[in-house]
Amino acid sequence: MSEPPAEVAGEANPAGTASETTSATTSATTSAAPPPETPWRRLDARMLLVNPLETLIRALPAVIAIVLARATSESDDRWELLAVPVILAFGALRWLTTRYRIDHGQIELRRGVLTKQTTTARLDKVRAVDLTAKVYHRLLGLTKVEISTGSSAKERIVLDSLRLADGRRLRAELLHRIDSRVLDLPPPTGPSVGGPAVGDPATTATAPPAPDAGDEVLVRLDPRWVRYAPLTLTGLASAAAVVGFALQALRTVGDESRTIVSGARRVRELAIWVDVVAALAVVSLLAVVAYVLTFWGFRLTRNRLGSFHTRRGLLTSRETSIDHGRVRGLRLDEPLGLRLAGGRRLKVVTTGLGDERGGSDWLCPPAPRDVVTPLARRISDDEDAVEAPVVPHGPAARRRRLTRALVAVPVVAAGVWAVVSLLDSTPWLWLAVPVVALAAVALGVDRYAGLGHLVTPRHLVTRWGSLDRRRVLLRRDGVIGWTVRRSFFQRRAGVATLVATTAAGSQHYDVVDLELERAYALLREVDRSLADEFA
């Protein structure tokens, strides 16, 4: 406890004047005053336009059902219009009750109309910041900011919506806390509660831009890379989803549309090879469209603090910033089609990204190998981890891959026998059996060729797969635990799976089907201190 100011002044100068005593009192009072509280801030007021639109999109099935019901109804009552003022009022309440601020080394978010909720996250726990802008966000100059402090959706703070410039400044504040250029900036984002109006020119004109002018550009999208779109399983899956949705819609209205019925009849009259070529053309076109929508304008940059920043998207733009201190490795993907065409794609293994993205995000979309490989070398600073041949896992692993691939052959043979016997079909169906057998052998051989591992001074490398081959470069200091796992069939084959546990990416990466002694030797090579626990 401090002594009263008057007594302090009297002891220091008993013969002092009244003005000297007053000065000492003011100084002691100032030193004891608590620091001013950081004001709360609101979201951008234009969210009042975004919120009703998003509510309408979420309720689109119900809206369509109401419209269809109205088309066959003779009633003139428009009771569904009562929902409009309710939606607008809810959006206004949400804007009024949502506040946030950065204070005392943490970001706080208060929200809730009926139930008040306060979310707090320490700034040193922020691992990634996403800025997502859908079409209507972009038309209004807004963005949604998602601040990740963990891998689950519950460990996020979402601010929907902020001005784009404010969102970028907030991201810089969160991820570049040690950058003096950022610390000198004014408080990030939005007006304070009861402060100046949103978009006040006096506020925005004096705000310096986010410090990204000196960022190092690592890669930009080349439009010619769209040729790789139909060669990836992701592109094909997107195209298949669109085709499936279209077929379902056509099946729904097909009986009522003569045009669709006649079109389907014409397709059935075409030769099979024409149908196959047409289907491949449609799927390829849809895959290209999905590629353009996802990666248009892709750019990867690295700032002077080492953090990575990606920007991509044609209609919905997405900006992701990743603190370099959270990066635990890289993942090089080589699906069969992409590999045969000389392409690769690159993702980062990091903490803080949501489970829906598998804990990883794009560092380069499907692109030529001579673009992706140098980029991986540049980021990892470990040439051997990116390109050196991996160590094969031996005859037992090869037998297991061939055995598992050939399991499909008797199943196919039994199916052909059943079809030929029951339906009295032509015996040419038996040709499918040797074709499947050859394909199974080729698949097993290729899977074994892709299986292996490598240890470098900085990384543990594991590679596996054939149709979707992956090579993961996991930093050795990012491994937090080990597991040696053996299934019933692995014990009979004398092999084991060495599981490296990490807090990033998919949370664990496996070195599959190693001989048991080699698994323990690999464990000792990577981390001798943890290997002693298995002794």
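In the hairpin formed by E2 and E3, two residues lie between the strands, and histidine 104 adopts a positive phi near 50°. This description, like all that follows, refers to a predicted model. Histidine 104 belongs to the loop between E2 and E3, and its phi is positive although the residue is not a glycine. With a relative accessibility of 65%, histidine 104 counts as exposed, because the threshold for that class is over 50%.

Strand E2 (residues 99–103) and strand E3 (residues 106–111) run antiparallel and are joined by five bridges. Within this pairing, isoleucine 102 stands opposite isoleucine 107 of E3. E3 also pairs with strand E4 (residues 117–122), again in an antiparallel arrangement, through six bridges. Here arginine 111 faces glutamine 117 in E4. The hairpin of E3 and E4 has five residues between the strands, and glycine 112 in its turn has a positive phi of about 120°.

## Strand E11 and its partners

Strand E11 (residues 317–322) is mostly covered, with five of its six residues buried. E11 pairs antiparallel with E5 over six bridges; in this pairing, alanine 128 has isoleucine 322 of E11 as its bridge partner.

Strand E10 (residues 308–312) is likewise antiparallel to E11, with five bridges between them. Arginine 311 is placed opposite glutamate 319 in E11. The E10 and E11 hairpin has four residues between its strands, and glycine 313 takes a positive phi near 115° there.

## Nonpolar cores

The largest nonpolar core comprises 33 residues, and those with the most contacts inside it are Trp225, Leu300, Leu346, Cys364, Leu375 and Ile379. Several elements each supply at least two residues of this core, including strand E8 (216–220), helix H12 (272–295), strand E13 (343–350) and helix H14 (369–380). Domain 2 (223–253 + 268–295) and domain 3 (391–533) both contribute residues, so the core lies between them.

Leucine 300 illustrates the packing. Leaving aside residues up to four places away in sequence, leucine 300 touches Glu216, Val217, Leu218, Val219, Phe308, His309, Thr310, Leu363, Leu375 and Ile379. A second, separate core has 20 residues, among them Leu43, Met47, Val145 and Leu162. In soluble globular proteins, nonpolar side chains tend to be buried together.

## The largest pocket

The largest pocket holds about 420 Å³ of space. Its lining consists of 24 residues, of which Glu54, Arg94, Lys144, Val158 and Asp160 are the closest to the centre. Helix H3 (47–58), helix H5 (83–97), E3, strand E5 (128–133), helix H6 (135–140) and strand E7 (156–163) each provide at least two lining residues. The greatest share comes from E7, which gives four residues.

A cis peptide bond, with omega of about 20°, connects aspartate 160 and serine 161. Serine 161 is located in strand E7, and aspartate 160 is one of the residues closest to the centre of the largest pocket.

Aspartate 513 has a positive phi of about 60° although it is not a glycine. This residue is in strand E20 (residues 508–515). Aspartate 513 is buried, with a relative accessible area of 0%, whereas histidine 104, at 65% relative accessibility, counts as exposed.

Key: Residues numbered from 1 in each chain as written. Predicted model: local features only at pLDDT ≥ 70, side-chain atom pairs only at ≥ 80, totals over all residues. Heavy atoms only, no water. Core = buried A, V, L, I, M, F, W, Y, C linked by side-chain atoms within 4.5 Å. Buried < 20%, exposed > 50% of the residue type's maximum accessible area, 1.4 Å probe, protein only. Domains from an automatic or database assignment. Contact = heavy atoms within 4.5 Å. Pairing = 2+ DSSP bridges. 1 Å grid on protein atoms, 1.4 Å probe; cavity = no way out; pocket = protein on both sides within 12 Å on 5 of 7 lines; lining within 4 Å. Points joined across faces, edges and corners; volume = space filled by probe spheres on them.
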